[in-house]
Amino acid sequence: MAQKPKVDPHVGRLGYLQALVTEFQETESQDAKEQVLANLANFAYDPSNYQYLRQLQVLDLFLDSLSEENETLVEFAIAPYLGTPAVSAHEELPDSL
């Protein structure tokens with residue numbers, strides 16, 4: 001089982017999301033990437049997080065992850081676009097999908 005993300009929960013929502021994005025970008029562990037991307041996808045279910053996700057370019061991170069060979073990452077990356085109010089109401093998937 002993957003370890004918990006190395007994020008201080010007392011930094012506020014924006015700081016917490018930024019730490020998750022940074023961890024995703026810096027880690028070499030596929031397990032950690034999966035866990036962090038799953039956490040980011042879960043945040044996308046709350047419309048109040050949309051501004052933070054947009055500001056941190058998490059939506060681009062989801063799109064970039066769609067081309068990963070790791071199928072779990074692809075599944076977590078596409079989930080926010082399939083009925084997630086915070087994302088699907090504002091974003092469209094690229095025509096290539």
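What pattern does the protein follow when read along the sequence? The pattern is α-α-α-α-α-α.

This is a predicted model, in which local features need pLDDT of at least 70 and side-chain atom pairs count only at pLDDT 80 or more, while totals for chains, interfaces and linings use all residues. Residues are numbered from 1 along each chain as its sequence is written, and side-chain values use heavy atoms, with hydrogens and water left out.

**Figure 1. Overview of the helical elements.** The protein contains six helices and zero strands; helices (H or I, at least four residues) and strands (E, at least two) are DSSP runs, numbered from the N terminus. Of its 97 residues, 38% count as buried, where buried means under 20% relative accessible area, exposed over 50%, and partly exposed in between (1.4 Å probe, protein chains only). Contact means heavy atoms within 4.5 Å. Among contacts between residues at least 6 apart in sequence, 57% join residues at least 24 apart.

**Figure 2. Packing of helix 1 against helix 2.** Two packed helices are described by the angle between their axes and the distance between the axes. Axes are lines fitted to C-alpha atoms, for helices over the stretch in contact, and angles run from 0 to 180 degrees between N-to-C directions. Helix 1 (residues 12-26) and helix 2 (residues 30-43) pack at an angle of about 150 degrees, and their axes are 9 Å apart. The crossing of these two helices is left-handed, a term for a near helix turned anticlockwise from the far one by less than a right angle (clockwise would be right-handed). Helix 1 contributes Tyr16, Leu17, Leu20, Val21, Glu23 and Phe24 to the contact, and helix 2 contributes Lys33, Val36, Leu37, Asn39, Leu40 and Phe43. By class, the residues of this contact are nine nonpolar, one polar and two charged; Ala, Val, Leu, Ile, Met, Phe, Trp, Tyr, Cys and Pro count as nonpolar, Asp, Glu, Lys and Arg as charged, and the others, Gly among them, as polar.

Figure 3. The axes of helix 2 and helix 4 come within 11 Å and cross at roughly 130 degrees, so helix 2 is oblique to helix 4. Angles under 35 degrees count as roughly parallel, over 145 as roughly antiparallel, 65 to 115 as roughly perpendicular and the rest as oblique. The crossing of helix 2 and helix 4 is left-handed. Leu37, Leu40 and Ala41 of helix 2 make the contact with Val58, Leu61, Phe62 and Ser65 of helix 4, a set with six nonpolar, one polar and no charged residues. For helix 2 and helix 5, the axes come within 9 Å and cross at roughly 10 degrees, which means that helix 2 is roughly parallel to helix 5. Here Gln30, Lys33, Glu34, Leu37, Ala38 and Ala41 of helix 2 meet Thr72, Leu73, Phe76 and Ala77 of helix 5. This contact has six nonpolar, two polar and two charged residues.

**Figure 4. The largest nonpolar core.** A nonpolar core is a set of buried Ala, Val, Leu, Ile, Met, Phe, Trp, Tyr and Cys residues joined through side-chain atoms within 4.5 Å. The largest one has 20 residues, and those with the most contacts inside it are Leu37, Leu40, Val58 and Phe62. At least two residues of this core come from each of helix 1, helix 2, helix 3 (50-55), helix 4 (58-65) and helix 5 (71-78). Neighbours within four places in sequence aside, Phe62 is in contact with Leu37, Leu40, Ala41, Ala77, Pro80 and Tyr81.

Figure 5. Phe24 lies in helix 1 and is buried, with a relative accessible area of 7%. Not counting residues up to four places away in sequence, Phe24 touches Lys33, Val36, Leu37, Leu61, Ser65 and Leu73. Arg13, also located in helix 1, is partly exposed, with a relative accessible area of 39%. Leaving aside neighbours within four places in sequence, Arg13 is in contact with Asp46, Ser48, Asn49 and Tyr52.

**Figure 6. Loop residues Thr27 and Gln57.** Thr27, in the loop between helix 1 and helix 2, is buried at a relative accessible area of 16%. Gln57, in the loop between helix 3 and helix 4, is exposed at 52%. Phi of Gln57 is near 60 degrees, a positive value in a residue other than glycine.
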